[in-house]
Amino acid sequence: MVFGRARVRALLGLLVAVPVFLALAVYLTGGPTHAGGPAFLDQATENGVFTALASLAVTMPFFIPLSVAVVAGDSIAGEASLGTLRYLLVRPSGRSRLLFAKAAVVALFCMVAALVVVLAGIVAGLAFFPHGQVVTLSGTTIPFLDGFGRSLLAALVVGASMFGLAAIGMFASTFTDAPIVAMAMTIGAVVVAAILDGVSQVAFLHPWLFTNYWLAFADLLREPMRSANIWKDLALQGGYAAFFGSVAWARMTSRDVLA
Amino acid sequence: MASHAFAIETHGLAKSFGAVHAVDGIDLAVPAGSIYGFLGPNGSGKTTTIRVLLGLVNPSAGTWQLLGHRMPGQAMAALPEVGALVEGPAFYPWLTGEENLVRFDAMGPDGQRQTRHARVAEALTRVGLSAAAGRKYKAYSLGMRQRLGLAAALLRPRQLLVLDEPTNGMDPQGTREIRHLVRQLGSEGTTVFLSSHLLSEIEQVCTHAGVMHRGKLLAQGTLAELRTTATPRLRVEVDDPARAGAVLERLGMSHLERSGAQLTGSLDGLRPEDCCRALVEAGVGVSLLVPERLSLEDAFVALTGEGFDVAG
């Protein structure tokens, strides 16, 4: 249902376009520039797998969170604005059951969004660049299939990294009948986190920002893999999801539905 | 047969929004099997009451039962037996009418998959929407949307239908069809709770009615019971209106109005035959004498002391 909507398809299309654009740009300009740029981009010409990882690094700060904010913010408020929420509840779907069903779809979307980026990145990367052994960030080499597997794992980690934001989005979505407000609040949360992340005076807050470990997936490309930050990320996302999910549930099960 | 006497029963049900008492302590009693007209002008609290009844809005006070189930605790047991149209239809604009119904059926605990497509087709036929089943909802007219909302309420046999202004936005032909459908459902044993601001609609379709005004339920009962709340009037046509007026006034008739050879007045407990005898004995020639059948509108005006306008 969610995946059949034009706007969701457009978002996923955007997430496919980014890796293709990246690969094309690097290919046409004749290779790495070593002039900064997003992580992994320098290695893109060495192996197609890195196109996927560079794409994740590019889409992680904004495109993926944007698409998650749209889908999560729309989850309940979208039904309210259409008026279908009252019919779903009278049907009866059960307020808790409806919220959990929506949460499952939003979680699935997080995973699909990240997987779409990685798969599109690998396909685009293989089309333009070699696909032999993969040189890890630690300088060792691993077989291509291993590198491919790690890319997929990176996608799962990135998808799960969105759970905190998704919960914020659903929380916002239960407090308003206007989906655009819920989406804006969710994107606002990403912006606030990014700003706080850049202010060194509040460094004590940084480990608690849901954006803090968003690029931890890069540790998967080290040899041996480093998982400490990834586990911290997953724990942090779980904490955010539990807190905002609980507030959303409390609101959902007690509110007056007037829309 | 239903084990409960009342399909809907409320005790002191109230809902306030801040200082506004949208619903102000009402005791509804909707007999099982009745077609109950929930009558009141716009803003009198009808829709808020319906939202509370269906568990969408938490009441500020009071208790209620649907089909013998205590609400809101037993909502999951009661609501599958209730079909509802609340404040206009609402569907996904990017799906067809048929897709919307299929999805709606799948969202509940009672929508049997094997029979789903057959039930959807039957409901669409019943509301006269078969021809437009494959069109996107966003292309539907208001009347068609209203029909689709009714179809959703009829996807399975229900014990109770709660229909909030079901003929809103419909052309006269559609309105007739919906009235016919409601009567038919009633004759099949479904209790229908029908809200409307149209007196004529209630009068044509319903067996019972309740009158809402400014959040209060002023009266309820069968239509015949409600009509008696207004004082009946007597209309006479005589050869000597002036003398007739004097005679009737002496008898105790009030609110006398004269128009040509006709006189109309409130009976105020007088019997029409006594009035007739008095007129004839006074030498007045009576060519016409009609105790006027009271309309629900008369009852409404008598109850509220005002006309049928938006409550301020």
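Before I come to the helices, a word on terms: axes here are lines fitted to C-alpha atoms, for helices over the stretch in contact, and angles run from 0 to 180 degrees between N-to-C directions. Helices (H or I, at least four residues) and strands (E, at least two) are DSSP runs, numbered from the N terminus.

What you have above is a predicted model, in which local features need pLDDT of at least 70 and side-chain atom pairs count only at pLDDT 80 or more, while totals for chains, interfaces and linings use all residues. Residues are numbered from 1 along each chain as its sequence is written, and chains are lettered from A and ligands numbered from 1 in the order in which they are written.

Let me begin with confidence, where pLDDT is the predictor's confidence in each residue, from 0 to 100. Chain A averages a pLDDT of 90, with 96% of its residues scoring at least 70, and chain B averages 89, with 96% of its residues at that level of at least 70. For the complex, the predictor gives an ipTM of 0.86 and a pTM of 0.85.

Now to the packing in chain A, starting with H7(A), which packs against helix H8 (residues 179–197) at an angle of about 145°, the axes being 8 Å apart. H7(A) passes H8(A) in a right-handed crossing; a crossing is left-handed if the near helix is turned anticlockwise from the far one by less than a right angle, and right-handed if clockwise. On the H7(A) side the contact has A:Leu165, A:Ile168, A:Gly169, A:Ala172 and A:Ser173, and these meet A:Ala182, A:Met185, A:Thr186, A:Ala189 and A:Val190 in H8(A), where two residues are in contact if their C-beta atoms, placed from the backbone, lie within 7 Å. By class, this contact has seven nonpolar, three polar and no charged residues, counting Ala, Val, Leu, Ile, Met, Phe, Trp, Tyr, Cys and Pro as nonpolar, Asp, Glu, Lys and Arg as charged, and the others, Gly among them, as polar.

How does helix H5 (residues 95–128) of chain A pack with helix H1 (residues 6–28)? Their angle is about 30° and their axes are 8 Å apart, which means that H1(A) is roughly parallel to H5(A), given that angles under 35 degrees count as roughly parallel, over 145 as roughly antiparallel, 65 to 115 as roughly perpendicular and the rest as oblique. The crossing of H1(A) past H5(A) is right-handed. Among the residues that meet here are A:Leu12, A:Val16 and A:Tyr27 from H1(A), and A:Ala113, A:Gly121 and A:Phe128 from H5(A); in this contact 14 residues are nonpolar, two are polar and none is charged.

H5(A) also packs with helix H2 (residues 48–59), here at an angle of about 140° and with the axes 7 Å apart, so H2(A) is oblique to H5(A). H2(A), too, passes H5(A) in a right-handed crossing. The residues in contact include A:Gly48, A:Phe50 and A:Leu56 of H2(A), together with A:Val117, A:Ile122 and A:Leu126 of H5(A), and the classes are nine nonpolar, six polar and no charged.

Turning to the interface, 17 residues of chain B and 16 residues of chain A take part in the contact, and the chain B side has 15 nonpolar, two polar and no charged residues.

Chain B itself is divided into domain 1 (6–227) and domain 2 (233–288), with bounds from an automatic or database domain assignment, and the centres of these two domains, taken over C-alpha atoms, are 46 Å apart.

Finally, some backbone details. A:Glu223 and A:Pro224 are joined by a cis peptide bond with omega about -5°, and A:Pro224 lies in the loop between H8 and helix H9 (228–254) of chain A. In chain B, the peptide bond from B:Met71 to B:Pro72 is cis, with omega near 0°.
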